[in-house]
Amino acid sequence: MVESLRLPNGGWNEERLQMFDSSTAANIHRIPITNWLLEDKLVWLLWNSGLHERLKFSMWKLANYGILTAHNLIARNIRVVEASCVHGCNCLKYANHLFFHCQVAKAIWFAMAWSIKWDAFTDFSLKEKLYLLGHPTRVFPVHSNDGAHFFLFGSIILHQLWQIRNSLRFENQHFSLENTMALLNFRVKEALTLFQRKTEIISTLRHGACMGSLKTPPQFIKINTDATIRNDNSLVGIVARSHEGEILKMWVVPFHSNIPDLAETFGILQGLVKAKQEGQTNIWCVSDTRRIILRLHNDDLQGTHWMAEGIIQDILIEKNTFQEVIFHWSPRESNIIADFVCN
Ligand SMILES: [Zn+2]
């Protein structure tokens, strides 16, 4: 839809914008996007949102029409017995209708603190609407400091609308605006507390990680790496353990360099690669080379061999493909198994 308001040169098609009232048209003009690579932008938005994984996933499914509304089923040639909106509107259950324009959706969006109305955006696609949820300040009365809070609230509303639909359809439970708003406020508070706690834990871990003093947190697996130099080459030992210390797997990988920093960083990179192959998402990555761990924690530090910098960049890129990676320095004694494996 937004594409259809654009001219091929990227400017707005003023003639088409006339179908909006003047304040909406002014808002559309202010949408700060020069090209609508929504797919990438949405992935980025969700990835950085701090939402719970389950919520991220349902937003992503919604953006890709993965939710089984009647309209989607019909589009896939699946026969649907009852196809109109579950809330009694005479409308096919387009996701766009169910989540934004249905009477139930309208009531909830309007009852939230920001009193949002989607009427001016009827023709926007689902993806475009999700994008607006992530960038609301120029379009809705949302202060720029509240953007993240608004996105969280919006995501929870969408999730809740789907649950309301299911409760009515499968359990004959009727919608109540009052109960829904109480539940939504509770869910937002809960999400904010969880998010805050997660941020605190991670910052404590990051801080402690440089000190070499912490135990592996639950839900993490521990990857110890160590390198041993042999003449012109080195051997890298990698040990994966559960957070309780049970050994899960070990690997030894040869590396064609005898520069210690290069071999050690290569070991950490290999540790992440192996952990990913094993399907792990939270990694507690331990090495006994303190300057490398410090370097991985801080972009400005330059204590490592210059040749290791390329691999350090690879590690930092690889790190972003996990939910959480914490680099941890540990003195040689406690890294003894990795040391032993490569010897
Ligand atoms: Zn409806």
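Trainee: What makes helix 8 and helix 10 partners in this model?

Mentor: Val104, Ala105, Ile108 and Trp109 in helix 8 meet Ile157, Leu161 and Ile164 in helix 10. A contact requires the C-beta atoms, placed from the backbone, to lie within 7 Å. The model is predicted, so local features need pLDDT of at least 70 and side-chain atom pairs pLDDT 80 or more, whereas totals for chains, interfaces and linings use all residues. Residues are numbered from 1 along each chain as its sequence is written.

Trainee: How do the two helices lie against each other, and what is the hand of the crossing?

Mentor: They pack at about 145 degrees, with axes 11 Å apart. Angles run from 0 to 180 degrees between N-to-C directions, and axes are lines fitted to C-alpha atoms, for helices over the stretch in contact.

Trainee: Why are the buried residues of helix 8 said to line one face?

Mentor: Helix 8 (residues 103-111) has Val104, Ala105, Ile108 and Trp109 as its buried residues. Seen down the helix axis, they fall within an arc of 125 degrees, so they line one face. The arc is taken over the directions from the helix axis to the C-beta atoms.

Trainee: Phenylalanine 110 is also in helix 8. Is phenylalanine 110 buried, exposed or partly exposed, and why?

Mentor: Buried means 20 or more other C-beta atoms within 10 Å of the residue's own, exposed means 12 or fewer, and partly exposed lies in between, with C-beta atoms placed from the backbone. Phenylalanine 110 has 13 such neighbours, so phenylalanine 110 counts as partly exposed. Beyond its neighbours within four places in sequence, phenylalanine 110 is in contact with Ser115, Ile116 and Lys117. In the protein, 30% of the 343 residues count as buried.

Trainee: What makes strand 3 and strand 5 edge strands?

Mentor: The five strands form an open sheet in the order 3-2-1-4-5, with mixed pairing. Strand 3 (247-255) and strand 5 (324-329) each pair on one side only. Pairing requires at least two bridges found by DSSP.

Trainee: Which pairings meet that cut-off?

Mentor: Among them are strand 2 (residues 233-241) with strand 3, antiparallel and joined by eight bridges, and strand 4 with strand 5, parallel and joined by six. Arginine 241 has isoleucine 247 as its bridge partner in strand 3, and alanine 240 stands opposite lysine 249. In the other pair, isoleucine 283 stands opposite valine 325 in strand 5. The hairpin of strand 2 and strand 3 has five residues between the strands, and glycine 245 takes a positive phi near 100 degrees there.

Trainee: What makes strand 5 mostly covered?

Mentor: Five of its six residues are buried.

Conventions
Helix = DSSP H or I, 4+ residues; strand = E, 2+ residues; numbered from the N terminus. Contact = placed C-beta atoms within 7 Å.
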